[in-house]
Structures are given as C-alpha cells and as structure tokens.
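Here is a short walk through a structure, taken one chain at a time. Keep the 3D view open as you read.

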Amino acid sequence: MDEPEFSVENFYKFVSEGKLMGARCKRCGKLMVPPRPVCPECYSRDLEWVQLSGRGTVETFTIIHVPTVLLEGKEPYAVAVVRLDEGPKIPGMLPDVASPEQLKIGDRVRVEFDRSPQKVPGSWPNWPRYYFVKE
Amino acid sequence: MHGKPLAAIVSAGSTKYGKHDDKGAKELFAEAFSEALEGARNLDPKRDVNAVFIGQMGSEYEYQAHSGSWAADYAGIPRTHAARVESACASGSTAVRVALTGIMSGLYDTVIVGGVEKMRNRGTNEVTLYLGEAGDFHMEIWNGLTFPGLFALMATAYINRYGAREEDLARVAVKNHKHASMNPKAQYPQEITLEQAMSARPVAWPLKLYDCSPITDGASAIIMTRPELAKKYTDTPVYITGFGHSTDYLGVYERDDVTWLEGARRASDAAYRAANITVGDVDLFEVHDCFTIAELLLYEALGIAGRGEGYRAIREGITYYDSKIPVNVSGGLKAKGHPVGATGVGQMYEIWLHLTGRAGKRQVKGAEVGVTHNMGGSGASHNVFVMER
C-alpha cells in the first residue's frame, strides 16, 4: 500500500537517493524500467517497486561528439545500451569512455549515480542522472 | 498497373532543399504549393479542394504551431478542413496517409498535402535537442543520446554482428551524393569520395559527418484526388495503389534486435500486398536514409537484400540509379537534404517526377512502379507507399 506513483518522475527521485528502481507487475511478473502505471502485457495496475542490482552487459554503444544543449561541453562521452542482469535493457552514459577502444560489446558494467539535479536550460527537468562504469 | 488505384496524385511541387535565410515555413510551403498548383490543369482550390494537411515535426523552430490553419490560408482557402500532422520524421507521409484515408472514405474529393520544416535558423545543438524529441526523451535523450547517436547504436551492433565495415556505410553516402549531383533541388549536389567520407569528423561514432543527413529548410507539396477525377486535372496521373504503416517501440533500447527494423518490414509487406507487387516489380525506391546505416537496414526490411546482407548490396553497387534496384535517386535525405516534415512528401514528389518522365539527367528509364519509405524517429513509425502510372 501507499507505493509512490509508478512514474518516470519517481524513477529519477529514486536516482537522487542512489537507487535504480523498476516496477514489477504482481499479476504477470513483467519488470518495467522505467516504471509505468499500467502493465502493457496484462493491463494490471497491481504493481510493486523493486530495486535493481545496477549490474549488466553492454549490448551496443556509441561515442557522442555532438551532444544536445543538455550536455554541451561534456563531449566526447559514450552511451551504451545495457542489458541489466534482471532482464530489461536501459541506455546510460559512460562519462569516462571517450573513444571506441575503451569499450566493447559484452563488457560488464555497473551503475553509479550523480545524485544532484543536473543544470538544464529552462525550468524542467529537475532530475539527477544515473550512469555506468566498467567493472 | 498491378494494383487498384486508391487515390491519384495529379501534381506535385517542391522548393529547393537547403538554406533559405529569408523564408520561414509559411513561405516555403507557399512556394511548393504554388509549383504543384501550376501543374494541375483547371484546378481551382477555392472550388475543388476540400482539405489541407501539412506534415511538420517541430513548432519550436519558429515558435509557431497550429500549422493546418496557416497552411490553408496560404493555399487561399482559410475556411476549410485542415490540420498539422506530426509523426516526427514521418510527418509528411503521415499527412499523405490522412489525406488518403479521407479520399478513400469518400469524405474528400481533392486534398492538398504539404510537408515543411524550417530548421536552419537554429544552432546545431538546439536542433539536436529538438530532433531528439522523436526518440525517448526520458531515458535516451536525457541520458546523453542524440539522433545520430541512436542510429550509431544500430550501426555498432550491425557491424559487430554481420562483419560489415565502416566503409560500407560510407559507400551509401558516396552513392547518394552522386545521385544528388544530378538533382538541381538537392542541398549538397557535390560528389564525394570514399576517402573524404571516411576521414570526416565523428558525430556519433561510428557515424561520421557524411553518414548523417544535414539540417535543411524546405517544403514539398502534392495534390491528391479520387482516381476517377484525375484526368480532369492532368493527362499523366500517378496512382497510389498500396500503402502500409506500422509503429514500433519508441526507444531503440526497448527493441529485441537493434539491427532490424520490424516496423518497416510490416509496413512494406502490407503495401506490397495491397498493390499486388513483389520487390522485383519495383523500378525505384526512395527510402529514409537519415543516416547511412538506416539505408542498409532498410534494404533488408524492404526485401531488397536478405537479413544481414544489406551491406553487400552497396558493395556490389546494385542500388545506383543506372543499376538493378535504384535507391534514393534524388540523393536521399543524405544529400538532397532532410527538412524533416517535408521529407515524406518530397519522396513522393521524386517518384512522381520519374513516373511522369520529368526527372531529367537522373531519370530512371521507363519507370512504372515506385516505392517510398518514410520513417519516424529511430524507427518507431513507418509509412510505405506504392505508386504506379
């Protein structure tokens, strides 16, 4: 009872507490990262928050040299799609990886947290950011 | 004709794609519309046109939304049915789809469809953020991805799995620049060499400058009507005989296989089936090469090459305008330019040129069947049309 709303806003609120969280459907078991309020498999709204290990494997990656205004000046940096050990895939930055020689598909990574709100132009989003480092 | 005509395209027009400092979206649309109108005999929009649909992705560029209303006004019919249609980079073809279903349902006889994007008034990092809206903001763009970055994720996995090389991506750019050199409306009609493409600065490794479509101002327009009315307005109508559409997961990270565009396969299967054709019947394709890797993945999804074999098609050169299966004879998004909302309409303008014998130096001789594929975002929506004369 009284679980926080299963929303992206609350996903990033947990990131500010140093936690990578998903929502699990209590009816069919589907794990959703980021969480959603309705299970897209069985349409149940009976969900629970679960903490993820934050460990996973690189499925693919890129090195960004031209970022959006949100990350201007941080380039070059890597972004990988990581298959979490619990199953779901999520994208995440590897701020210390600046060239393709430093990373390969299949590498093991773990999550870290930049817990303070990131500076952005305008008034939203007021989110922190999770990121990955090589194990 | 293989299929049954669903609607007719009686005329089409397009601005040059490129940098238009002294024109905004309104003036660009007006120019493309005017060219289309000149090609439609006896067509009086005030009397004959029932609706205006305009594809446009972004309202941020010029702080101007609600484009259906101004487009209708600029077409001289301020009180009609109209709407701006947004489906990211597939906005233009989605506007065509809205017009087509309106005509097929019997609601409309004749419809003006435009596509437009004014982008060059903004800096590159601003445009990169706006284009990112076509991906998943919460997880992808917030976490450092960009539009080139999303396609780079596909390229890294594709190269790793199938043994393709970065040179194979560059070969797509070389071909499309060659094609653009014969297109007076292309943004970058300069031919390039493989060495130039390979030595260009990285944008999102493994994608380099020439792997990416440019930032473009431009507009295109077509005039569509019920098939039985077509000959009133032209002696050379082109018919839409098939269309297919599919969405897909918004985020690249959500898809099981990032080297495969399932939505494009479903959309093209449906379009070919509706028009009663196979890939072998198609004389030319215009496909959504927003990045060079996309063209290779689309060879596979549209059945031009087998799965994992798209890179062989470009190595063998079979998709040049004078070869077996011409793809992106216009120069593609890569070299003709990619004014996002205009692109899907501009692809149909290109096929219309070929099917009516107006394509000049790049004319695919005797072309009778053309196929367009327009993609939204990183593959989260796809529209495919079969056009025949």
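This is a predicted model. Begin in chain A, with two strands. Strand β5 (residues 77-84) of chain A pairs with β6(A) in the antiparallel sense, over 6 bridges. One bridge joins A:Val82 to its partner A:Ile90 in β6(A). The two strands form a hairpin, with 4 residues between them. In the turn sits A:Gly87, which has a positive phi of about 120°.

Now look at β6(A) alone. Why is this strand largely enclosed by the rest of the structure? Strand β6 (residues 89-94) of chain A has 6 residues, and 6 of the 6 are buried, so the strand is largely enclosed. The cover comes on both faces. A:Lys89, A:Pro91 and A:Met93 are buried on one side. A:Ile90, A:Gly92 and A:Leu94 are buried on the other.

Move to chain B. Here 9 strands form an open sheet with mixed pairing. Their order is β3-β2-β4-β7-β1-β8-β11-β10-β9. The edge strands are β3 (81-85) and β9 (284-286) of chain B, and each pairs on one side only. From one strand to the next, the twist averages 25°.

Within this sheet, find β8 (residues 238-247) and β11 (residues 381-388) of chain B. They pair in the antiparallel sense over 8 bridges. B:Gly242 has B:Val386 in β11(B) as its bridge partner.

Helices pack here too. Helix α11 (residues 262-275) of chain B packs on the sheet and touches β8, β10 and β11 of chain B. Its direction makes about 150° with that of β8(B). Helix α4 (residues 91-105) of chain B lies across several strands, including β1 (7-14), β2 (51-55) and β4 (110-117). Helix α4 of chain B runs at about 155° to β2(B).

Conventions: Residues are numbered from 1 along each chain as its sequence is written. Chains are lettered from A and ligands numbered from 1 in the order in which they are written. This is a predicted model: local features need pLDDT of at least 70, side-chain atom pairs count only at pLDDT 80 or more; totals for chains, interfaces and linings use all residues. Two strands pair if DSSP finds at least two bridges between them. Axes are lines fitted to C-alpha atoms, for helices over the stretch in contact, and angles run from 0 to 180 degrees between N-to-C directions. Two residues are in contact if their C-beta atoms, placed from the backbone, lie within 7 Å. A residue is buried if 20 or more other C-beta atoms lie within 10 Å of its own, exposed if 12 or fewer, and partly exposed in between; C-beta atoms are placed from the backbone.
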